[in-house]
Amino acid sequence: MTINAIRVSQTGGAEELKYQSVEIGEPEAGEAKVRHVAVGVNFIDVYFRTGLYKAEKLPFTPGNEGAGIVVAVGEGVTNVKIGDRVAYVGSPGSYADERIVPADRLVIVPDEVDLKQAAGMMLKGMTAQYLLRQTFKVQAGTTILFHAAAGGVGLIAGQWAKYLGATVIGTAGSEEKANLARAHGFDHVINYNTENFVDRVKEITNGAGVDVVYDSVGKDTYMGSLDVLKFRGMLVSFGQSSGSVPPFDLGLLSQKGSLFVTRPTLFHYIAKREELEQTAQDLFDVVAKGVVKININQTYALKDARQAHEDLEGRKTTGGTILIP
Ligand code: NDP
């Protein structure tokens, strides 16, 4: 059977995202076929497209998140059946009308969550979950700094951290984005293009600094992030939207206050089925309660994936981005 998909046959710029017809087969044992209602666009897709992260082979279909309807199941699959509304993250190959996924990576989407919403929230929302609830346990009295506050992960994390009782400081690249972040849980937002965020965080915290910095910007911010931490604070470096963090001397962590640094990835927090279910459930709960509102602020046709990548990399997007097959 022939379907439409975005294919990358050599790594490089967004122009390498080509809309093509490809053949797909039927699910084998342990697999399910999903007809996508929507596909999530994430910054990690950019890293695979440019070659910063290595795809298993070329050509490949990019994309790590999707939501849709199960249209076929392979032998031995019991956790989903034909007609179920499902979503998944982390099985590369979602930029397509339909695809085959390992069934044990699928979660059932509750009725109150729309499938377009699901496609734009699973990867970003489960990331917010593990960052705030597992990597560093945010609670009442914690002060956090979250970079790229108006981004996909940022808008979810701001609302969730506020709900957990934290003082939430964010950074964003424009006044418009700063205002959006303020409307999504952030108590203070610093425009890091026009202000020195280190000075401003010190001012906001009366010189105390923050307990934890969540930094997905990387090259441009990591040093400042180390500078705003309290003694024994933690830098959670979880992305590199501005470029990779260069190697640095571990002695720096001692000089700057016996700091902790971690470089986590969602996939290691949801590797086991029970971890995936627990993390997804936690996310569905806060969305169902209305604690976290999901903002899908950009929607493109699947064939326009190139434009979606150009806008994401060009810092033109806020909140979540999806593609519609
Ligand atoms: P975002 O919507 O947050 O987009 C990235 C944002 O980063 C931009 O909007 C921009 O916001 C900011 N940014 C700062 N400098 C640059 C730059 N030089 N080029 C482009 N953007 C820049 O993306 P996502 O929500 O998809 O992902 C956020 C980050 O989290 C990414 O780095 C991603 O890789 C990471 N991530 C990591 C995971 C993990 O488990 N480790 C899982 C999920 C995401 P502004 O203009 O306001 O600065």
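A: A backbone N or O atom of glycine 173 is 2.8 Å from an oxygen atom of the ligand, a polar contact being a pair of N or O atoms within 3.5 Å. Serine 216 places a polar backbone atom 3.1 Å from a ligand oxygen atom, whereas serine 241 uses a polar side-chain atom, 2.8 Å from an oxygen atom of the ligand. The protein buries 92% of the 910 Å² that the ligand exposes when taken alone; accessible areas come from the Shrake-Rupley method with a 1.4 Å probe.

This is a predicted model, in which local features need pLDDT of at least 70 and side-chain atom pairs count only at pLDDT 80 or more, while totals for chains, interfaces and linings use all residues. Residues are numbered from 1 along each chain as its sequence is written, and side-chain values use heavy atoms, with hydrogens and water left out.

There are 28 residues around the ligand, of which Tyr130, Lys177, Tyr192, Leu266 and Arg315 come nearest; a residue is near if one of its heavy atoms lies within 4 Å. The shell comprises 13 nonpolar, 11 polar and 4 charged residues, where Ala, Val, Leu, Ile, Met, Phe, Trp, Tyr, Cys and Pro count as nonpolar, Asp, Glu, Lys and Arg as charged, and the others, Gly among them, as polar.

Two or more shell residues come from each of helix 1 (43-50), helix 2 (115-135), helix 3 (152-163) and helix 10 (305-313). Helix 2 gives the most, with 3 residues. Helices are DSSP runs of H or I with at least four residues, numbered from the N terminus. At the level of domains, domain 1 (2-122 + 273-324) and domain 2 (140-263) each supply at least three residues to the shell, with bounds from an automatic or database domain assignment.

Terms used. A polar contact is a pair of N or O atoms within 3.5 Å; within protein, one must be able to donate a hydrogen and the other to accept it, and residues adjacent in sequence count only if both atoms are side-chain atoms.
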